[in-house]
Amino acid sequence: MNISDLDHIKASKILGNGNASRNGGPKIAQIRSHVLQYELDEELGYSQQYYTKRTAHLIEVITEDGISGWGESFGGNNVALANKVIVERVIQPMILGMDVLDREVIWHKAYNLLRDHGQKGMPIQALSGIDIALWDLAGKYHNLPVYKLLGGAFRKEIPVYGYGMMLQQVPDLAERFAAESAAIVDAGFSAMKMKIGLGVKEDVKLVEAVRHSIGADIGLMVDANHAYTTREAIPLGREFERLGINWFEEPVAPEDHAGYRALCQALDINIAGGEAEFTSFGFRDLIAGHCVDILQPEVCALGGITEYLKVLALARAHFVPVVNHVWGSAVAVGTNLHLLAALPDFPGAAHPVQPMLEYDTTPNKFREELLQKPLNILEQVKNNGGKVALPTGPGLGVDPDPDFIKFYSVEL
């Protein structure tokens, strides 16, 4: 059962009317794993691969009362299909019948039973989607938006930066990037991020083309998806300093903490990373090792909202600014709006780094057409000075269209 706006009152009655039952919340009756996929009109890529299909992995946790909570697991194509098996056949039997409000208990039970087989990667991605869905259910139970459960909103509008300029195997990529970046500015974004990773000379050419196209006043970030060694990344970073780049994202392999430290010490440009890290245990070493200037946790991968809060506490304790990594469907976007609203300013600077929503501007039906009530991010960016409002309604405030899910679902 999916909850539309008209069903919210009914759902609040079923789930609790804002008052916790003496016996706790409803129990988990079923977990459904929906892998959605369709063919792209154009091949897109990043430094490690090119792909022709758009994929999203949605998690639906259903209570004994028939109420659905929604989450998302990070990972595309065959990764999503593998995660589907982990969700339904590995984690689901561990937690069926448990109270949906016992998020911390559920997380630790699942992680402790998984840790001998996967402390990082796909098992944690699968757990992330389940955990996010439990937070959605908690919001519906208490008849509150998730950001209220997180402690309240520090801001009611979130600045957005446009993420585009994916790699393509075309002869005129610099020209294409220049045109695409100009279109992102015209759409109302005041900052954007582009892919790199084709080689030092080619990357400099691409970034110069984009900077020339958008001018000096538009924020520009570059994402290498760990394409380089430290020795290659240092001179490349110096070129990016010359071009006024805001941050250099994932320059080296995520396991190369020594390389990250060397880059932070050698360059004035901000070094960003963290999207490929998992759980507070992994982030502990990344943060304590002074490996990044800007931390980019991916809530749909690192362990869900429950674990994200622990990562955030570590970052604050070490004075490391956080700008969430966001890649996925409208469920991931909605989840991050709540997290960014509840993210306090980091102390230690006259002008603290402000949270921004990363928004993929390339074509994506799972972002624009999935929800019964669309978020309309692009429309808001255009009409509201590059900012978007928080979702309304209990929980995450994002309810997927069941007919849409049925049409785009794929099976093993």
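**Exercise 1. Work out whether Tyr163 is buried or exposed in this predicted model, and then find its aromatic partner.**

Step 1. Start with accessibility. Tyr163 has a relative accessible area of 3%. Buried means under 20%, so Tyr163 counts as buried.

Step 2. Now look for ring partners. Searching the whole structure turns up 11 aromatic pairs. One of them joins Tyr163 to Trp327, with 5.9 Å from centre to centre and 65 degrees between the planes. Planes over 60 degrees apart count as edge-to-face, and that is the label this pair gets.

Step 3. Tyr163 belongs to strand β4, while Trp327 sits in the loop between α12 (304–317) and α13 (330–341). That puts them 164 residues apart, so the pair links distant parts of the chain.

Step 4. Check the partner's surroundings. Trp327 has 24% relative accessibility and counts as partly exposed, whereas Tyr163 is buried.

**Exercise 2. Follow strand β4 to its neighbour β10, and say which way the side chains of β10 point.**

Step 1. Strand β4 covers residues 157–163 and pairs with β10 in the parallel sense, over 4 bridges. If you want a spot to look at, find Gly162, which stands opposite Tyr359 in β10.

Step 2. Strand β10 runs over residues 357–360. Leu357 and Tyr359 point one way, and Glu358 and Asp360 point the other way.

Step 3. Ask about burial. All four of these residues are buried, the charged Glu358 and Asp360 included.

**Exercise 3. Explain why strand β6 is described as largely enclosed, and find the strand it runs alongside.**

Step 1. Count the buried residues. In strand β6 (residues 219–223), 5 of the 5 residues are buried, which is why the strand is largely enclosed by the rest of the structure.

Step 2. Strand β5 (residues 191–195) runs parallel to β6, joined to it by 5 bridges. Here, Lys193 stands opposite Met221.

**Exercise 4. Find which residues cluster with Tyr38, and which charged residue lies over its ring.**

Step 1. List the cluster. Tyr38, Phe366, Phe404, Phe407 and Tyr408 form one aromatic cluster.

Step 2. Look over the face of Tyr38. There you'll find Lys365, at 4.9 Å from the ring centre. Another charge over a ring is Arg103, which lies over the face of Trp135 at 4.0 Å from the ring centre.

Step 3. Pick out one cluster member. Phe407 lies in helix α16 (residues 402–408). With a relative accessible area of 65%, Phe407 is exposed.

**Exercise 5. Compare Thr279 and Asn376: what is phi in each, and where does each residue sit?**

Step 1. Recall the background. Most residues other than glycine have a negative phi.

Step 2. Read the angles. Phi of Thr279 is near 60 degrees, a positive value. Asn376 also has a positive phi, of about 55 degrees.

Step 3. Thr279 lies in helix α10 (residues 279–288), while Asn376 is in the loop between α14 (365–368) and α15 (377–383).

Step 4. Finish with accessibility. Thr279 is buried at 1%, whereas Asn376 is partly exposed at 38%.

Terms used. Residues numbered from 1 in each chain as written. Predicted model: local features only at pLDDT ≥ 70, side-chain atom pairs only at ≥ 80, totals over all residues. Heavy atoms only, no water. Buried < 20%, exposed > 50% of the residue type's maximum accessible area, 1.4 Å probe, protein only. Helix = DSSP H or I, 4+ residues; strand = E, 2+ residues; numbered from the N terminus. Pairing = 2+ DSSP bridges. Phe/Tyr/Trp six-rings, centres within 6.5 Å; stacked < 30°, edge-to-face > 60°. Lys NZ or Arg CZ within 6 Å of the ring centre and 35° of its normal.
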